[in-house]
Each structure stands twice: as C-alpha cells, then as structure tokens.
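Visitor: I have a model open and want to talk through the fold. Can you take my questions as they come?

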Amino acid sequence: MKRVAILGSTGSIGRQTLRVVEALPSQFSVVGLAAGRNTALLADQVEQFKPRLVWVIDKTSADELEGRL
C-alpha cells in the first residue's frame with residue numbers, strides 16, 4: 001500500500017486525487033492533507049480519510065477546523 005500526503009487537498013487537483021484514492025482503497029492510504037482556508041471541505045476530507053497529519057495556512061483556519069472536527 002502506498003501512503004500519500006496531498007497538498008492542496010481542497011483544490012481541483014487535490015479533490016481529483018482523493019477520488020482516485022477513494023476508488024483504489026487497497027492501493028493507497030492518505031497520511032496527510034494540507035489546504036488553505038476551505039475548512040468545511042477539509043473537515044469532510046479528514047473525517048473520510050482519517051489522515052495522521054493535517055495542515056492549514058494559518059491559526060484562524062486551524063481554530064476553525066478544530067471547531068468543525
């Protein structure tokens with residue numbers, strides 16, 4: 001199994017990459033997600049893929065994400 005970290009997970013390419021991971025769960029495991037300020041979508045991604053590490057662009061976004069989770 002390949003472990004992947006996705007930078008820009010809430011953007012177009014990041015969302016497409018997560019669709020591939022979702023379609024091939026026996027081949028990929030998400031260990032990290034990074035995003036800018038779209039904490040609503042990032043929270044959904046965290047709940048679905050359960051990465052070990054999550055990064056956002058600033059403390060305000062981190063606090064908002066923490067409140068969503």
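Visitor: How many strands are in the sheet, and in what order?
Guide: This is a predicted model. Its open sheet has three strands, ordered E1-E2-E3, and the pairing is parallel.

Visitor: Which strands stand at the edges?
Guide: E1 and E3 (53-55) do. Each has a single partner strand, so one side of each lacks a neighbour in the sheet. From one strand to the next, the twist averages 30 degrees.

Visitor: Over how many bridges do E1 and E2 pair?
Guide: Six, in the parallel sense.

Visitor: And what stands opposite Leu7?
Guide: Ala34, in E2.

Visitor: On to the helices. Which strands does H1 touch?
Guide: H1 packs on the sheet, in touch with E1 and E2, and its direction makes about 160 degrees with that of E2. H2 lies across E2 and E3 and runs at about 150 degrees to E2.

Visitor: How far does H1 reach, first C-alpha to last?
Guide: 17 Å for twelve residues, close to the 16 Å expected at 1.5 Å a residue.

Visitor: Which residues of H1 are buried?
Guide: Gly14, Leu18 and Val21. Down the axis of H1, the buried residues fall within an arc of 55 degrees, so they line one face of the helix.

Visitor: Why would residues three or four places apart point the same way?
Guide: Because an α-helix has 3.6 residues a turn.

Visitor: What covers that buried side of H1?
Guide: The cover over the buried residues of H1 includes E1, E2 (28-34) and H2 (39-49). On the face turned away from the buried side, H1 carries the exposed residues Ile13, Arg19 and Ala23.

Visitor: What does the side chain of Ser9 join up with?
Guide: The side chain of Gln45, through a polar contact of 2.7 Å. Leaving out residues up to four places away in sequence, Ser9 also touches others, among them Gly14, Leu18, Leu33 and Leu42. Gly14 and Leu18 are among the buried residues of H1.

Visitor: And Thr10, buried or exposed?
Guide: Thr10 is in the loop between E1 (2-7) and H1 (12-23). Its relative accessibility is 13%, under the 20% cut-off, so Thr10 counts as buried.

Visitor: Which residues is Thr10 in contact with, beyond four places in sequence?
Guide: Arg15, Ala35, Asn38, Leu41, Leu42 and Gln45. Of these, Gln45 is also the partner of Ser9 in the polar contact.

Technical notes
Residues numbered from 1 in each chain as written. Predicted model: local features only at pLDDT ≥ 70, side-chain atom pairs only at ≥ 80, totals over all residues. Heavy atoms only, no water. Helix = DSSP H or I, 4+ residues; strand = E, 2+ residues; numbered from the N terminus. Buried < 20%, exposed > 50% of the residue type's maximum accessible area, 1.4 Å probe, protein only. Contact = heavy atoms within 4.5 Å. Polar contact = N/O pair within 3.5 Å; in protein donor to acceptor, adjacent residues only side chain to side chain. Expected span 1.5 Å × (residues − 1). Arc of directions from axis to C-beta. Pairing = 2+ DSSP bridges. Axes fitted to C-alpha atoms, helices over the stretch in contact; angles between N-to-C directions.
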